[in-house]
Amino acid sequence: MARTFDGVDNELRVTTAIVSAYPLTMALWARPNIDADDAILVIADTATDAEFWGLRLNTVANGLVFMSRSSGETDGDVFATGTYTVGAWLHACGTGASSTSRACYRDGANKGTNTTANTPDGLDNTSFGLLRRTATALIYDGDLCEGALWSADLTDGETLALGNGVHPCVIRRSSLAGYWPIYGAASPEPDWSGSGNNLTVTGTTITASSRSMPMLRQAVGWRGAAELAVKLAYQPWYHRAPVLAQ
């Protein structure tokens with residue numbers, strides 16, 4: 001399952017910045033209904049218009065962007081290479097190793113990089129489906145699911161695993177700052193990372209979408225402690241709760 005956002009006012013939000021400093025990674029699955037300049041996951045400062053990190057779809061050649069904006073600094077946006085397809089699932093991922101090292105991946109690959117010095121400041125909220133600052137902007141039209149944030153700069157191999165459907169809970173578990181399956185079956189939308197940052201549902205019902213979503217996979221034998229090795233064999237993971245440490 002996933003949740004559908006209508007492009008008008010739908011949002012999932014928590015009034016805290018889940019990650020507020022480098023390093024960081026943000027990732028989720030999206031299925032856009034239209035070709036539009038829409039935000040899908042953003043950490044921002046609601047008191048200003050120019051302090052945020054976020055993943056955004058871009059109307060220029062159906063591109064994916066990891067935005068990095070800070071007042072008084074040159075924009076540090078980075079574009080994944082290639083294009084996505086309207087009406088089809090894509091995996092979006094942005095990583096930041098430092099203020100001068102960021103990357104954006106589409107479907108676990110198609111990597112773009114940016115080294116412009118840029119560090120957002122004063123961040124105070126995390127939103128799915130739009131950019132929330134002094135006013136809302138870039139409101140998304142489509143489906144979202146499997147959102148996750150890490151206080152770490154994931155490697156190329158780890159982002160490839162996510163893009164291939166590996167469950168976020170087996171990727172760098174020790175640095176997982178937030179994980180929301182976004183089933184669309186509860187309000188608030190629960191945070192399964194253990195951090196308790198449940199998302200307030202705005203402008204949409206709790207059963208917004210029953211459409212099929214990408215199949216996730218779980219590393220064989222995982223019990224919540226071992227790091228993921230990209231070359232591990234995988235077994236199907238049919239969107240159940242992660243197996244917790246015994």
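This is a predicted model: local features need pLDDT of at least 70, side-chain atom pairs count only at pLDDT 80 or more; totals for chains, interfaces and linings use all residues.
**Exercise 1. Strand E14 and its partners**

Task: How many residues of E14 are buried? Then follow the pairing of E14 with E1, E3 and E15.

Solution. 
Step 1. Check burial. A residue counts as buried under 20% relative accessible area. Ten of the ten residues of E14 pass, so this strand is largely enclosed by the rest of the structure.
Step 2. Take E1 (residues 3-6). E1 pairs with E14 over four bridges, in the antiparallel sense.
Step 3. Take E3. Seven bridges link E3 with E14, again antiparallel. Alanine 27 meets alanine 148 of E14 as its bridge partner.
Step 4. Take E15. E14 and E15 run antiparallel and share four bridges. Here leucine 149 has glycine 178 of E15 as its partner.

**Exercise 2. The cavity**

Task: How many cavities of 30 Å³ or more are there, and which residues line the largest cavity?

Solution. 
Step 1. Recall the idea. Rolling a probe the size of a water molecule over the atoms shows where empty space is left.
Step 2. Count. There is one cavity of 30 Å³ or more. The largest cavity has a volume of about 40 Å³.
Step 3. List the lining. The residues are Ala27, Leu28, Trp29, His91, Glu146, Ala148, Trp150, Leu162, Val166, Pro168 and Leu216.
Step 4. Assign elements. Strand E3 (24-32) and strand E14 (141-150) are the elements that give two or more residues to this lining.
Step 5. Sort by class. The lining has nine nonpolar residues, one polar and one charged.

**Exercise 3. Glutamate 189**

Task: Is glutamate 189 buried or exposed, and what does its side chain reach?

Solution. 
Step 1. Locate the residue. Glutamate 189 sits in the loop between strand E15 (176-180) and E16.
Step 2. Apply the cut-off, under 20% for buried. The relative accessible area of glutamate 189 is 2%, so this residue is buried.
Step 3. Follow the side chain. The side chain of glutamate 189 reaches the backbone nitrogen of tyrosine 183 at 3.2 Å.
Step 4. Check the surroundings. Neighbours within four places in sequence are left aside. The contacts of glutamate 189 then include Arg3, Leu12, Trp180, Asn198 and Val201.

**Exercise 4. The helix and the whole protein**

Task: Which residues of helix H1 are buried, and what percentage of the residues in the protein is buried?

Solution. 
Step 1. Count the elements. The protein has one helix and 18 strands.
Step 2. Read along H1 (residues 156-163). The buried residues are Glu158, Thr159, Ala161, Leu162 and Gly163.
Step 3. Look past the helix. Glycine 165 follows H1, and its phi is positive, near 100°.
Step 4. Widen the view. Of the 246 residues in the protein, 53% are buried.
Step 5. Turn to contacts between residues at least 6 apart in sequence. Of these, 65% join residues at least 24 apart.

Conventions
Residues are numbered from 1 along each chain as its sequence is written. Side-chain values use heavy atoms; hydrogens and water are left out. On a 1 Å grid over the protein atoms alone, a cavity is a set of points where a 1.4 Å probe fits but cannot get out, and a pocket is an open set with protein on both sides within 12 Å along at least five of seven lines; lining residues have an atom within 4 Å of a point. Grid points are joined across faces, edges and corners, and a volume is the space filled by probe spheres set on the points. Ala, Val, Leu, Ile, Met, Phe, Trp, Tyr, Cys and Pro count as nonpolar, Asp, Glu, Lys and Arg as charged, and the others, Gly among them, as polar. Buried means under 20% relative accessible area, exposed over 50%, partly exposed in between (1.4 Å probe, protein chains only). A polar contact is a pair of N or O atoms within 3.5 Å; within protein, one must be able to donate a hydrogen and the other to accept it, and residues adjacent in sequence count only if both atoms are side-chain atoms. Contact means heavy atoms within 4.5 Å. Two strands pair if DSSP finds at least two bridges between them.
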